[in-house]
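Open the model in your viewer and keep the selection tool ready. The tour goes from one selection to the next.

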Amino acid sequence: YGNEWVQHVPSHIRESLIDGQLDTIGQMLARGINSPATSSMGRLFDAVAALLGIFVRENTYEGQAAMLLEAAAIRSTECEPLPFALAGSDPLIIDWKEAILELLRRRSHGASIGDLARSFHVTLADIVVEVANRYGISTVVLSGGCFQNGTLLELCAKRLTDCGFTACWPQRVPLNDGGLAMGQVQAAMRSMRRKE
């Protein structure tokens, strides 16, 4: 929304803020203070949960907003994916602008929170398939903290399989950062073997 963003802040978010916080947020964004760019999927889940009014307060533990977003998605079986765009090639960038605008538009037209949460999850699965297509790969490993979300994992695995990909995910190692050390050990061992 550019400089007009304040006019589009959903009422449930406005109501959750203390006097002056919206102005402070505007100054932070304008000056780039305490508002770093991120490629974290977790922050996207946080943002969508807030925009839908599922969760607008401060997380008391990592993944809280994402879990509430998944819980809302589970209650719905009907949805229409959101529009998205992929740009660039190295790195490939997922442009969420149209998806977020459409999410807000559907919300303002009375779509249920559950349906919108499900649409977000389905869109993520569609993006995973599209990225796999772009890179011309046949096997996709689904890993990282966001795949602790069973709904997302199931949707991605099904869509990938339906499109002819092989979908894999950790079975004996945690999907999230708990499995990171295992990967680091594997990479170190492979590097050591190459030096021998």
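What follows is a list of stops, each with something to select.

This is a predicted model, in which local features need pLDDT of at least 70 and side-chain atom pairs count only at pLDDT 80 or more, while totals for chains, interfaces and linings use all residues. Residues are numbered from 1 along each chain as its sequence is written, and side-chain values use heavy atoms, with hydrogens and water left out.

**Stop 1: helix H6.** Select residues 113-135, which make up helix H6. Helices here are DSSP runs of H or I with at least four residues, strands are runs of E with at least two, and both are numbered from the N terminus. H6 has 23 residues and reaches 33 Å from its first C-alpha to its last, close to the 33 Å expected at 1.5 Å a residue; the expected span is 1.5 Å times one less than the number of residues. Now select glycine 136, which follows H6 and has a positive phi, near 65°.

**Stop 2: the aromatic cluster.** Select Phe45, Trp96 and Phe120, which form one aromatic cluster. Rings of Phe, Tyr and Trp (its six-membered ring) pair if their centres lie within 6.5 Å; planes under 30 degrees apart count as stacked, over 60 as edge-to-face and the rest as tilted. The structure holds two aromatic pairs. Phenylalanine 45 and phenylalanine 120 form an edge-to-face pair, 5.0 Å centre to centre with 85° between the planes. This pair links helix H3 with helix H6, across 75 residues. Phenylalanine 120 is buried at a relative accessible area of 1%, and phenylalanine 45 is buried at 2%. Buried means under 20% relative accessible area, exposed over 50%, and partly exposed in between (1.4 Å probe, protein chains only).

Tryptophan 96 and phenylalanine 120 form a tilted pair, 5.8 Å centre to centre with 45° between the planes. Tryptophan 96 lies in the loop between strand S2 (93-95) and helix H5 (97-108) and phenylalanine 120 in helix H6, so this pair ties together parts 24 residues apart in sequence.

**Stop 3: glutamine 64.** Select glutamine 64, found in helix H4 (residues 64-74). Is glutamine 64 buried or exposed? Glutamine 64 is buried, with a relative accessible area of 13%. Leaving aside neighbours within four places in sequence, glutamine 64 is in contact (heavy atoms within 4.5 Å) with Phe55, Glu58 and Asn59.
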